[in-house]
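Visitor: I have a model open on my screen and would like to learn how to read it. Could you walk me through it?

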Amino acid sequence: MDSKLPYFTVGEVVKGFGRGSKELGIPTANYPEDVVDKLPAEIEFGVYYGWASVDNGPLHKMVMSIGTNPYYHNTKRSMETHIMYNFNEDFYGSTLKLVILGYIRPMTDFTTLDNLIAAIKNDISVAESELDKEEHRIVRENNFFKNLENDCG
């Protein structure tokens, strides 16, 4: 799996299941199926961290769930990105550019919604710490992200 990282991708933000903000209090930006289908098979189901930009705006830390979300019994693979920044409004139809840099944990089924939320909050904490490391901070300078507005750490 690590041989396929970093993994760079770009696509339009589409409506997901509507659970991120409403049920979890953790909003997500979702990619359409054509972007998800391009993921290399070596990128396993799980939770990852990296950098993201919306419409060539500032670069922000992110965590991403890749998989079927067993707690919700989904059957279709998805890529759900939580950008670690408080946006004032939804940005459906916007262009989301991101790079996946590291793996946090495998996709897991949870017995309660509270357990799922606690795990996601822990994932965010892990991502925060990992992305502060110099080896991950320098990726922000990659040509993939050129023409972005001033980035945020």
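This is a predicted model: local features need pLDDT of at least 70, side-chain atom pairs count only at pLDDT 80 or more; totals for chains, interfaces and linings use all residues.

Visitor: How many helices and strands does the protein have, and in which order do the elements run?

Guide: Helices (H or I, at least four residues) and strands (E, at least two) are DSSP runs, numbered from the N terminus. Here the protein has 4 helices and 6 strands, and the order from the N terminus is β-α-β-α-β-β-β-β-α-α.

Visitor: What share of the residues is buried?

Guide: Buried means under 20% relative accessible area, exposed over 50%, and partly exposed in between, using a 1.4 Å probe and protein chains only. Of the 153 residues, 48% count as buried.

Visitor: Which strands does β3 pair with?

Guide: Two strands pair if DSSP finds at least two bridges between them. Strand β3 (residues 46-54) is joined to β4 by 7 bridges, running antiparallel, and to strand β6 (residues 95-106) by 9 bridges, also antiparallel. To find these pairings on screen, look at Tyr48, whose bridge partner in β4 is Met64, and at Ala52, whose partner in β6 is Leu98. β3 and β4 form a hairpin with 5 residues between them, and Asp55 in that turn has a positive phi of about 50°.

Visitor: Are the two faces of β3 covered or open?

Guide: In a regular strand the side chains alternate between the two faces of the sheet. In β3, both faces are covered: Gly46, Tyr48, Gly50, Ala52 and Val54 on one side and Val47, Tyr49, Trp51 and Ser53 on the other are all buried. That is 9 of its 9 residues.

Visitor: And what about β5, which strands does it pair with?

Guide: Strand β5 (residues 78-83) has 6 of its 6 residues buried. Ser78, Glu80 and His82 lie on one side, with Met79, Thr81 and Ile83 on the other. β5 pairs in the antiparallel sense with β4 over 6 bridges and with strand β2 (residues 29-30) over 2 bridges.

Visitor: Where is Val139, and why does it count as buried?

Guide: Val139 lies in the segment after α4 (134-137). Val139 counts as buried because its relative accessibility is 16%. Leaving aside neighbours within four places in sequence, Val139 is in contact with Phe8, Val99, Leu101 and Phe145. Val139 and Leu101 are 38 residues apart in sequence, while their C-alpha atoms are 8.7 Å apart in space.

Visitor: What share of contacts in the protein joins residues at least 24 apart?

Guide: Among contacts between residues at least 6 apart in sequence, the share is 70%.

How values were computed:
Residues are numbered from 1 along each chain as its sequence is written. Side-chain values use heavy atoms; hydrogens and water are left out. Contact means heavy atoms within 4.5 Å.
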